Amino acid sequence: MIKVDISRNASQQMTAFTMTGHAGAGDYGEDIVCAAVSVLAITAVNSLDEIADATPTVESDDDNGGYLHVVMPTHNAAADTILASFVLGLTQVAQKYSQFITISDGHF
């Protein structure tokens, strides 16, 4: 199961997120839940850097997979919109595939 933990500040801005685990929804290379979550996370991180000019600190386990920790050092409207879109996408995947992904977010 993929677990996503979202941290927010008092203004409800996302300050960090951690993703751990594997979906296990299919064989390696055919796991659509893993693919969806991975695309959402990679797109969010790249968009924060290239579009929002809010380069996050990123820690991942590229050898074993199953671990991504992202910390937001700064906030702006574009970064907040990108992160809200990321959470929306994750939430929609979790609604359809709840047996493979859980989200912990004090916002909801």
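Threonine 43 counts as partly exposed because its relative accessibility is 43%; buried means under 20% relative accessible area, exposed over 50%, and partly exposed in between, with a 1.4 Å probe and protein chains only. This residue is found in helix α1. Threonine 43 lies 39 residues from isoleucine 82 in sequence, and the two are 9.2 Å apart in space, C-alpha to C-alpha.

The model is predicted: local features need pLDDT of at least 70, side-chain atom pairs count only at pLDDT 80 or more, and totals for chains, interfaces and linings use all residues. Residues are numbered from 1 along each chain as its sequence is written, and side-chain values use heavy atoms, with hydrogens and water left out.

## The sheet

Helices (H or I, at least four residues) and strands (E, at least two) are DSSP runs, numbered from the N terminus. Two strands pair if DSSP finds at least two bridges between them. An open sheet of five strands has the order β3-β4-β2-β1-β5, with mixed pairing. The edges are taken by β3 (57-60) and β5 (101-105), each with a single partner strand, so one side of each has no neighbour in the sheet. From one strand to the next the twist averages 10°.

Strands β1 and β2 run antiparallel and are joined by six bridges. Valine 4 stands opposite methionine 19 in β2. The two strands β1 and β2 form a hairpin with five residues between them, and glutamine 12 in the turn has a positive phi of about 70°. On pairing with β5, β1 runs in the parallel sense, over five bridges; aspartate 5 has serine 104 of β5 as its bridge partner. Strand β2 (residues 14-20) also pairs with β4 (residues 67-71), in the antiparallel sense and over five bridges. Here phenylalanine 17 has valine 70 of β4 as its bridge partner.

## The helices on the sheet

Contact means heavy atoms within 4.5 Å. Axes are lines fitted to C-alpha atoms, for helices over the stretch in contact, and angles run from 0 to 180 degrees between N-to-C directions. Helix α1 (residues 32-50) packs on the sheet and touches β1 (2-8), β2, β3, β4 and β5, its direction making about 150° with that of β2. Helix α2 (residues 77-96) also packs on the sheet, touching β1, β2 and β5, and its direction makes about 140° with that of β5.

The table sets out the helix spans; the expected span is 1.5 Å times one less than the number of residues.

| Helix | Length | First to last C-alpha | Expected span |
|---|---|---|---|
| α1 | 19 residues | 26 Å | 27 Å |
| α2 | 20 residues | 29 Å | 28 Å |

In α1 the buried residues are Val33, Val37, Ala41, Ala44, Val45, Ser47 and Leu48. Seen down the axis of α1, they fall within an arc of 165°, so they line one face of the helix; the arc is that of the directions from the helix axis to the C-beta atoms. The face of α1 turned away from its buried side carries the exposed residues Ile32, Val39, Ile42 and Glu50. The cover over the buried residues of α1 includes β1, β2, β3, β4, α2 and β5.

The buried residues of α2 are Ala79, Ile82, Leu83, Phe86, Val87, Gly89, Leu90, Thr91, Val93 and Ala94. They pack against β1, β2, α1 and β5.

## Two strand residues

Threonine 18 is found in strand β2 and counts as buried, at 16% relative accessibility. Its side chain and that of histidine 69 are joined by a polar contact of 2.6 Å; a polar contact is a pair of N or O atoms within 3.5 Å, where within protein one must be able to donate a hydrogen and the other to accept it, and residues adjacent in sequence count only if both atoms are side-chain atoms. Not counting residues up to four places away in sequence, threonine 18 touches Lys3, Val4, Asp5, Tyr67, Leu68 and His69.

Isoleucine 2 belongs to strand β1 and counts as buried, at 5% relative accessibility. The C-alpha atoms of isoleucine 2 and isoleucine 101 are separated by 4.6 Å, although the residues are 99 apart along the chain. Leaving aside neighbours within four places in sequence, isoleucine 2 has contacts that include Thr20, Cys34, Val37 and Phe100.
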